[in-house]
Every structure is written in structure tokens, then in C-alpha cells.
Amino acid sequence: MSLIYKNPTSSIQLVNVQSVARDDVYGTNFSVLQVGGYMEVYNLSDLDFTIPEGETGLIQFSGNSIPINYSKRAFPFLPDTINLNSDNISSGRRRLGMLVYVHETKKTYQYTIDDYDALWAAASGSTTESEYSTTVSTSTTGGTAFIDAWLDSSIEGVSGVTRDNARWKIFYGTDITVTAGTYNNTTGTATFTNTTGGTFNVTGFTTGSTGTDTYITGGTYTKATGDLQLTDNLGGTVDITGITDTNIANTDLTLDGTRLVSLDGNDLRFVGGSAETFEISSSDIILSAATAGSISMKGLTATTTNKQRVLVLGSNGKIFYNDNIKGDTAISALTYNSEWGVTKELTDGTSGTTQLPFITGGTFNSGTGEITLGINDGLESDIIITGLSAINTYLTGGTYDNSTGTLTLERNDTVTVDITGFTTGTTEDTYVTGVTYDEQTRGLTLGLSDGVSFEATGFSPTITGGTYSDGKISLENNDGTSTQIEGLEILTHIGTTTASTVSVSGTTIDTVDTTLYEGAFFDYVINDGTNYRAGRIQSVWDGSTITYNDFSTVDIGSTTDFVWDMELLSSDALLKANIAGGTWNIRIIKNII
């Protein structure tokens, strides 16, 4: 079926135009809270519709700035649904054609579903229309495609989305500008692309099939003024001014700012003759070679036979070799090998390896109480640690004297340790040897090991059976007596709440104390005299969040004007009825856990 547009209507309607006083500083509503129209949001992410992970039922997520009225199934065999407003082109706060300004990009975006009529027609087998809304489900392929289109929040220019496949398209209004273009020299046609993705041609240019192309044949650049003059093949000139000099230094070789010279794989050399002087004068001079590179200094004259040559910075600021250094031979380098050895290189050209001492093992002499630690290869004398006890002390046995309450512990060194303070007794412990119970006297007799018996009385009789009749329970005891319990009433419903005249949307039907319970189940039957539905609401909550599902029968008639809702208020979980129209009779049986 084809879509027939209708101006929207709802069950709650104004009887007059709403306004505010001329001197009031507030408005009637925020633009972002209206259905469609023009809105303003801060970020591009505010254009998204997000379904929190694991969320089912009616998606009510505070992170959705412009939500749709979408319910996600809790079980695979149930359908997903989307509720449209009575105009059939809006859901929640979204409406086809609405404009939204995004502060983040300083652009306005328009919400579109280009093939909406075709999607609507294909979904006809899964739609249910009423006076104030239309419900579309995923019970058919067409219904699934229709809901997927509403769930799509793709944005032009974000994550590779183009204008052709975007749900939110950039709105240019009447300010359409050229974004690119090409020119065909053969036909003399220029083809331009605009901001909407459209193209247009401009013709009438002189083509290249006749005449002679104009091109640059030469030019001159005046460094002092930054002017460039180009000469073409027809004798004409083009003057270009304002060129910024990019040399390392100015014309007088002074720097007016920091310069970075990149060699880009090339060498930088300063080459002079025999009498030139190259001088660098600065507060810091840093020579830095790349990794595995080297800094070489040439031109220092010295004999090649003396191996004790050193590099000297003289008092006159000059660097030279000194081949006449006198004194002791010194270490010029140290290296370590894996055999616990250190190899030294000396300034006299010799080298040698010294083994480092380390502990290879040890022994303990229980007779002397000494630990001997051995050193590798006998490089040093053994290390001896003394002062330890030669023999460990430990328990070998013990006895207990009941008459004195003393525990005597025996050690391996023949020393004994007495532990006293135990409760004494000249006889063995007393314990129970038997138990008898007299049902008539309700007395318990305990037989003890010392021949004395212990009597315990006052026990209640044991209930052996019972009967119920006319609100009376008769309990039979094992001593032949009976107990009567009267005034009972057997209930046919447990926890039943009936509200027979509920017609105001948002009415609270029942409450549960969330400090005592963690969940509730409500079995219900609702009707307005013509339309009937039965079902069960499952709910669970924590300190700040409540979730619930509504599993129901197929309607007798249509109960779309009645929707259950739950919310947390202070320490209570509220079961509420959202009513779009009519007066509803409600019966529930509550089971709280």
C-alpha cells in the first residue's frame, strides 16, 4: 500500500495556543525535545541512535539526543517493533526532513530516507495502524527493511559515508558551491561538481584544436625585492610579487630566526685553500654523529711510531697530539666475557684477562657448626662462617600428668620442658553413654559414664498429623493430645491489586520496596470492556537502574492504547500504566523476590 500522509495528532491535545509573558526569560520547550522541526545539538554523536549492549524492550537511553520509539525483542522468536506517530513519517523525536545544527562541525544536517514510499509499501504486511500511532514489526522481510532504515544514523562525510548513502545529509540550503571541476580541451567544455554532488557543464571555451598554446619560455627573479617576472612564447610577461626568501641566511648572512638544515642524504662541506680560516664561535658547540657514525679530526701532525699518543686541548685553544706523555701505564679499555673474566687493554699496547672470584659451593660441619664456602679455581681462600649451633634442637616425645595438669616435653638434647596450667582431674573424662525419651512425660534422660544420669524435661510434643475443616486446623500430637487453630481463610488470589477506573496515563498501579527485594513478577489481565490482554512483567533493579520485559498473549481486539512502564523513585520500584485512551480494568498477581 502507498503511504498516505496525515497531519499528526495525539491523545493529549491543547485547547489553546501556549505562550509566555513578554518579560519572561524562558520558552515553551527546548527545540531538541520536539518532534522534528529545527534543532541544535553539540556533537555529531548526538545524531546517532544507540542501543546499549544487552538492552531489550523499549529503548530508553539518555545518551540518545534524538531517539526513535523502538522496542527490541528479548527472545529470538519475538519480533522487534517501531512505533510511528500518527503522521507515519516520524518516530520518537525524529521526523523526515528535520534540520539539526551541529556545533562541532558548524554545519546543518537533514534527516532523510530517500526510498521511504517503497519501504512503506513493502512493510504493509507487518503494520498495525490506530488513531494515534502505527506499529511496524520485523515479522516480514519488508518490515525488517523498514525498521533498519529508521535505525540507520549514518552521517555524510563520517566513516566513509557519502551523500548518496547517508541518512543525515549536509544541508546547504540555497548556498550551493563548486567543489571540483575538469576541463576538456578538445571540446572546450568545463565540468564542475557542486556541494550537493551534482554536476554542470560550461561550454564556449576556445578549444586547443586551433591556434597556438601559450606557455612560459623564461623568467627572472629579483632576490632583493622578492619579485618574479615570467615571459611567455607570445612575448607577454607575468609579474609575481611578494615571494618569501627561503635561504638559510639573509643577504648579509645574518639569521633572523632559527634555521634547520636537512642534508637529505647529501654531504655539507666547507672547503678552503691553504691560508683560509674557518671559525665557529658560540656559547655551546655540539658535535653529534649518527648511530654507528664517527667524528674524525684530520690535520694533526704527529709521529706514527709512538703508541702513547694523546689528544690535547692546549692553553691557546688549539687541539694537537702529544707524543711525549710520560708516566705509568694506564688502562685504556675494559671488556667482560662470559667466563667471569675481565679483559683489560693498556696504553702500552698490551692486554690481559683477569678472572673474577665467585662462590662455587659450600659445606656445613654439624660437629663444629661452621659453613665453608668455596671460591672458583682457588683464586681466593675459602670463606668460613662460624658461630652456628652444631646440632639442631627438636622434640622427641612428651607425657601428660592428669593429676597435676602438667605437660612434659622431651628434647633430643635430654632437656625437658614443663607446660602447666591444664585443668586437672583425678578420674577420666565424663561422657554420655545413652539417651532415652518419654513421650508421656516429655522428659529426656542422659546416661553418663560415671553412672550418674541427667534428666531434661519440658519438651513440647511432636505433631504427628492434622486436618482442616471450615477454617479450622486440628493438629494431632504424639502424646495423644491435639491443638486447634481457628479463624483461617483460604485466599483464592495472592497479592491481587485491582484498579477498575484507570484512565490517566502514568498512574502508579503497584510499588515494591527496593531495599527489601531485588525483583518482582506481575501476572496481569487488562481490558477496557472490548479489548483484552494477559501477560507477565518480569523486572529486576539495582541501586540506580531498573529493567523489565512484558510477555503477553495475542490481543482480543487491540490493546495498543495500554503500555506498561516501570521506574525507580527513591527506594521504591513503581509499576505504571501508560494509557493513550480509554478506561482500563487491571488485575495483577505480584510475586516479589
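Is Lys590 buried, partly exposed or exposed, and what is its relative accessible area? Hold that thought. First, the ground rules.

This is a predicted model, where local features need pLDDT of at least 70, side-chain atom pairs count only at pLDDT 80 or more, and totals for chains, interfaces and linings use all residues. Residues are numbered from 1 along each chain as its sequence is written, and side-chain values use heavy atoms, with hydrogens and water left out.

Now the topic: salt bridges. Side chains of opposite charge can pair when their charged atoms come close. Here, a salt bridge is a side-chain nitrogen of Lys or Arg within 4 Å of a carboxyl oxygen of Asp or Glu. The structure holds 11 of them. I'll show you two.

Start with Asp510 and Lys590. Their closest N and O atoms are 3.2 Å apart. Asp510 sits in strand β36 and Lys590 in strand β42, so the pair ties together parts 80 residues apart in sequence. Strands (E, at least two residues) and helices (H or I, at least four) are DSSP runs, numbered from the N terminus.

Back to the opening question. Lys590 is partly exposed, with a relative accessible area of 24%. Asp510 is buried, at 11%. The cut-offs: buried is under 20% relative accessible area, exposed is over 50%, and partly exposed is in between (1.4 Å probe, protein chains only).

Next, Lys169 and Asp114. Their side chains meet in a salt bridge, 2.8 Å from N to O. Lys169 is in strand β11, Asp114 is in the loop between β8 and α1, and 55 residues separate them. Lys169 counts as buried at 14% relative accessibility. Asp114 counts as exposed at 56%.
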